[in-house]
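Dear colleague,

I am passing on the structure we spoke about, with the sequence alongside it. My notes on what was found follow directly below.

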Amino acid sequence: MTTKETAALLRQQDRILILTHRRPDGDTIGCAAALCSALRALGKTAYVLTNPETTDLYRPYAAPYWAPEGFQPDFVVSVDIAARGLFFPAEEIYLERVDLAIDHHPSYEGFGKASCVDPSRAACGEIVYEICRELGEVTPEAALPLYVAIATDTGCFVYTNTTANTHAVAAALMATGIDAGAVNKRHFRTKSRKRIALEADMLSHMEFYQEGRVVFLFVPLRLMERLGADENDADDLATLATIIGGVDCGAIFRELPGGEWKISLRTDGVRVNATKVCKRLGGGGHAAAAGATVPGDLDAVRAALLSAIQAEAGA
Ligand SMILES: [Mn+2]
């Protein structure tokens, strides 16, 4: 569906619940908050299902919209959710009940009864912006979380997914009077001391392959424990792999409780297609950014990723 058709569908609904994905990022949270705000401005009852995995960094944007316990929706919308596996446990009751899915991932699984999906968009926030504009005037209350969505999914407009449209949308959002500078300082120019210590350990134990074009960085549970670090300190660690000179393929190995490793892969999207590599490990994503969760010990998981990269990109 086009954004115009999506807005028309939303106008006909009420008692709307908005779903975000596991380990929520700025895009899913920002889209949910903005859409909820725009729907409320039309006089509708709308909430965002409380996502228990939301970090302190993103909670302030979504907290005003969390649904009260026991809210029974008539219409369910997912934002920035590509896969059924990204529904958090309390959300799984809606797996077969998504009336509308709004997303920008090429790997979107098609679980929505209706879908508004455009993989050419850097952030789902670009799509939600258009929908909000179709619904009425974009207020600063919607513009701020949308700016967060777009800025975070593009690494503050530096990732290769950033397009002229990304900047045009950001400009329109800034014109509503929001404090974009404060958002950028908060998300891109501030690191906790625990985060700095975490990055220092990761960088001192990194491993290079393929003549330095591939780098692996590791976040074992015992490191998180030793530093007393939690999710608030571990947001978007994958960026670290992409800033090393000569590297066109970087992976973060994050140990999860229960003997699994979450791989976040960032590549140039040309020599190494991140989605194709991660698909070999049961994951997915974009050409330049993808992920997979692989059970097993680190040696086995590392070997599996390395051979998947070799298969896709050659030695
Ligand atoms: Mn996104």
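Ala-274 counts as buried because 28 C-beta neighbours lie inside 10 Å of it, where a residue is called buried if 20 or more other C-beta atoms, placed from the backbone, lie within 10 Å of its own, exposed if 12 or fewer, and partly exposed in between. Ala-274 is found in helix 11 (residues 274–279); helices (H or I, at least four residues) and strands (E, at least two) are DSSP runs, numbered from the N terminus. Leaving aside residues up to four places away in sequence, Ala-274 touches a set that includes Leu-265, Arg-266, Gly-285 and Ala-290, a contact being two residues whose C-beta atoms, placed from the backbone, lie within 7 Å. Val-76 is 198 residues from Ala-274 in sequence, and 31 Å from it in space, C-alpha to C-alpha.

Please bear in mind that this is a predicted model, in which local features need pLDDT of at least 70 and side-chain atom pairs count only at pLDDT 80 or more, while totals for chains, interfaces and linings use all residues. Residues are numbered from 1 along each chain as its sequence is written.

As to the chain as a whole, its secondary structure comes to twelve helices and eleven strands. The radius of gyration, taken over C-alpha atoms, is 19 Å, close to the 20 Å that the globule rule gives for 315 residues, so the chain is as compact as a globular protein of that length; the rule is 2.2 Å times the number of residues to the power 0.38. Of the 315 residues, 43% count as buried, and among contacts with a separation of 6 or more, 63% are made by residues 24 or more positions apart.

The chain is divided into domain 1 (3–188) and domain 2 (193–313), with bounds that come from an automatic or database domain assignment. Eleven residues from domain 1 and ten residues from domain 2 take part in the contact. On the side of domain 1 that touches domain 2, four residues are nonpolar, six polar and one charged, where Ala, Val, Leu, Ile, Met, Phe, Trp, Tyr, Cys and Pro count as nonpolar, Asp, Glu, Lys and Arg as charged, and the others, Gly among them, as polar. The centres of the two domains, taken over C-alpha atoms, are separated by 26 Å.

The largest nonpolar core has 60 residues, of which Ile-18, Ala-32, Leu-35, Val-128 and Tyr-147 touch the most other members; such a core is a set of buried Ala, Val, Leu, Ile, Met, Phe, Trp, Tyr and Cys residues joined through C-beta atoms within 7 Å. Another core, of 28 residues, lies apart from it and has Val-214, Trp-261, Val-294 and Ala-308 among its members.

Val-128 is also one of the buried residues of helix 4. Ten of the twelve residues of helix 4 are buried, so this helix is largely enclosed by the rest of the structure.

Two loop residues deserve a look. Arg-15, in the loop between helix 1 (3–11) and strand 1 (16–19), has a positive phi of about 55° although it is not a glycine, and with 14 C-beta neighbours inside 10 Å it counts as partly exposed. Asp-80, in the loop between strand 3 (75–79) and strand 4 (100–103), has a positive phi near 65°, but Asp-80 is buried, with 30 other C-beta atoms within 10 Å.

With best wishes
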